[in-house]
Amino acid sequence: MKKIEKRMNLIKVNGFTKDEEKQYDCPVCKDLEYIIQGNVARDCKCKEAKNYKRILDKSGITKAFMKKRLSNFNTNAKPKVIIKAKKMAEDYVENYNNLQNEKHNSIAFLGQVGSGKTHLSIAIGNELMKQNIAVLYMQYREAIIALKQNIMDEAYYQKEIAKYKNAKVLLIDDLYKGKISATDNNIMFEIINYRYLKGAPIIISSEYTTEQLLSFDEAIGSRIIEMCRGRIIEFDGIKLNHRLAL
Ligand SMILES: Nc1ncnc2c1ncn2[C@@H]1O[C@H](COP(=O)(O)OP(=O)(O)OP(=O)(O)O)[C@@H](O)[C@H]1O
Ligand SMILES: [Mg+2]
Ligand SMILES: [Zn+2]
């Protein structure tokens with residue numbers, strides 16, 4: 001009997017037992033993410049971090065990609081266009097909220113293979129997520145194949161494509177990689193046009209130039225160009241391939 005009482009005393013802390021305490025990620029709010037103070041509920045300190053984690057988990061950005069930051073995008077002794085691209089990425093992150101009142105609220109990195117297009121796109125995504133802005137990563141080729149495979153299953157297809165239409169920010173990596181069919185264009189038109197009409201931002205990386213994007217499909221290309229107006233970088237020349245840099 002005494003033994004049990006002693007144990008009870010040991011584990012009773014702040015009205016709940018240590019065993020119970022262990023079950024919560026945040027013992028302060030017991031994972032409610034808010035605390036009642038008087039008559040008002042206030043957000044617990046853990047809420048922001050948990051929001052961030054939720055956004056990160058849903059983003060589709062892999063652990064390796066999470067390491068692509070603006071801070072580790074090197075511009076030392078790099079050509080002017082690389083410096084300009086980084087500056088554009090930094091400005092975009094800084095002004096993201098203001099830009100959302102405008103039609104031109106997107107950004108594109110185009111051209112030369114290995115020039116850092118994906119790195120900069122993901123780095124922007126990572127910075128936005130830190131501000132609790134949800135970003136969805138769409139690896140173009142994989143996503144388009146998956147959508148096409150399910151095109152006959154109307155309900156599933158609509159659910160899948162809705163993710164890309166409705167994401168707060170959509171990061172399209174390697175747009176038009178691989179052969180382009182009429183179906184690919186139809187799918188992309190559905191996504192791009194929906195976001196265009198809604199004023200929902202996109203971050204785009206593609207090895208093609210604006211001219212090529214227009215030549216593949218003018219309806220899609222011209223919408224992208226309009227959404228990204230003032231924020232399109234075209235990398236040109238093999239010298240910009242970071243993979244080949246010494
Ligand atoms: N300025 C830079 N500083 C540091 N790392 C860089 C820089 N530019 C590119 N890299 C790195 O070089 C590799 C290639 O860059 P990235 O994948 O972003 O190129 P890309 O333009 O998207 O190429 P691709 O057209 O093949 O998709 C990545 O590992 C990236 O992190
Ligand atoms: Mg890339
Ligand atoms: Zn908490």
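First, a convention: Ala, Val, Leu, Ile, Met, Phe, Trp, Tyr, Cys and Pro count as nonpolar, Asp, Glu, Lys and Arg as charged, and the others, Gly among them, as polar. With that, the shell around ligand 1 holds two nonpolar, nine polar and five charged residues.

This is a predicted model, where local features need pLDDT of at least 70, side-chain atom pairs count only at pLDDT 80 or more, and totals for chains, interfaces and linings use all residues. Residues are numbered from 1 along each chain as its sequence is written, and side-chain values use heavy atoms, with hydrogens and water left out.

Ligand 1 is surrounded by 16 residues (a heavy atom within 4 Å), and the closest are Asn74, Gly114, Lys117, Thr118 and His119.

Now the polar contacts, meaning pairs of N or O atoms within 3.5 Å. An oxygen atom of ligand 1 lies 2.8 Å from a backbone N or O atom of Gly114. For Ser115, a polar backbone atom is 3.1 Å from an oxygen atom of the ligand. His242 uses its side chain: an N or O atom there is 3.3 Å from a nitrogen atom of ligand 1. Alone, ligand 1 exposes 630 Å², of which the protein buries 83% (Shrake-Rupley method, 1.4 Å probe).

On to domains, whose bounds come from an automatic or database domain assignment. Domain 1 covers 2–44 and domain 2 covers 51–244. Their centres, taken over C-alpha atoms, are 44 Å apart.

Notes: Chains are lettered from A and ligands numbered from 1 in the order in which they are written. A polar contact is a pair of N or O atoms within 3.5 Å; within protein, one must be able to donate a hydrogen and the other to accept it, and residues adjacent in sequence count only if both atoms are side-chain atoms.
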